[in-house]
Amino acid sequence: MLCDALRRCIDNNKTALPGNLPWEEMTLLSSHHFVTPAFAWAVQDVPDSPPAMRDFLGAVLTLNRERNRKIEKTLISALQTWNSEAIPSILLKGAASLAGNLYPDPGMRILGDIDVLVPADRAEEAAQLLNENGFEPIPSENDFSGHHHLAPLRHRGLGIAIEIHHHALYADCRNLLSTDSVWRAAQPCSIGGVETQSLNPTMQF
């Protein structure tokens with residue numbers, strides 16, 4: 001039933017859902033899979049839904065939409081900083097979904113942080129530029145020396161974290177998708193009028 005509801009997010013086909021939906025169970029399941037905002041969007045016009053559940057799901061979608069606007073604002077700030085120094089970038093994962101208008105509503109996708117790929121030989125420079133323009137390191141005991149991204153940074157005002165990738169994937173996954181191939185196949189895109197790049201659809205999948 002949850003998949004039937006979420007299918008609306010893909011084809012926007014308002015097919016009728018069964019009556020007497022197990023709302024609490026479906027909401028718990030959607031939370032487990034991090035799709036509650038998408039579920040909320042998909043069932044917002046279902047008649048006779050319990051008022052308390054309708055209010056709860058509506059609030060989840062609204063709050064996540066507001067958070068994603070903060071994430072988009074943070075991303076634009078980072079891209080503007082890098083573009084001023086001609087540092088190329090490729091949006092990864094959730095950040096790419098914001099720029100590509102992948103969802104009918106920007107609040108449907110839950111995003112943890114921002115993932116952006118920059119050239120390996122300019123990653124440290126990219127981090128330093130963000131440090132000088134409103135971002136700060138997040139205290140952590142983790143060692144990122146052999147990681148595929150640098151230690152995360154967080155925007156001081158907006159509180160959103162960004163991970164600067166110098167490789168697209170973990171080392172043991174790069175036989176599936178090499179960083180060089182990602183750069184060769186990158187496609188131009190923009191977000192908020194700021195130019196960047198994204199993965200081609202096959203690589204994003």
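Contact between two helices is taken here to mean heavy atoms within 4.5 Å, and axes are lines fitted to C-alpha atoms, for helices over the stretch in contact, with angles running from 0 to 180 degrees between N-to-C directions. The structure is a predicted model, in which the mean pLDDT of the chain is 90 and 99% of the residues reach 70 or more. Confidence is lowest in helix 2, residues 8–11, where the mean is 82, and highest in helix 7, at 96.

Helix 7, which spans residues 123–131, packs with helix 5, residues 51–83, at an angle of about 115 degrees, and the axes of the two helices lie 10 Å apart. The crossing in which helix 5 passes helix 7 is right-handed. Helix 5 brings Ala 78, Thr 81 and Trp 82 to this contact, while helix 7 brings Ala 126, Leu 129 and Leu 130. By class, 5 of the residues in the contact are nonpolar and 1 is polar, with no charged residues.

At least two lining residues come from each of helix 6 (93–99), strand 5 (161–165) and helix 9 (201–204), and helix 9 gives the most, with 3 residues. Sorted by class, the lining of this pocket holds 12 nonpolar, 7 polar and 3 charged residues.

Key:
Residues numbered from 1 in each chain as written. Predicted model: local features only at pLDDT ≥ 70, side-chain atom pairs only at ≥ 80, totals over all residues. Heavy atoms only, no water. Helix = DSSP H or I, 4+ residues; strand = E, 2+ residues; numbered from the N terminus. Left-handed = near helix turned anticlockwise from the far one by under 90°. Nonpolar A, V, L, I, M, F, W, Y, C, P; charged D, E, K, R; others polar. pLDDT = per-residue confidence, 0-100.
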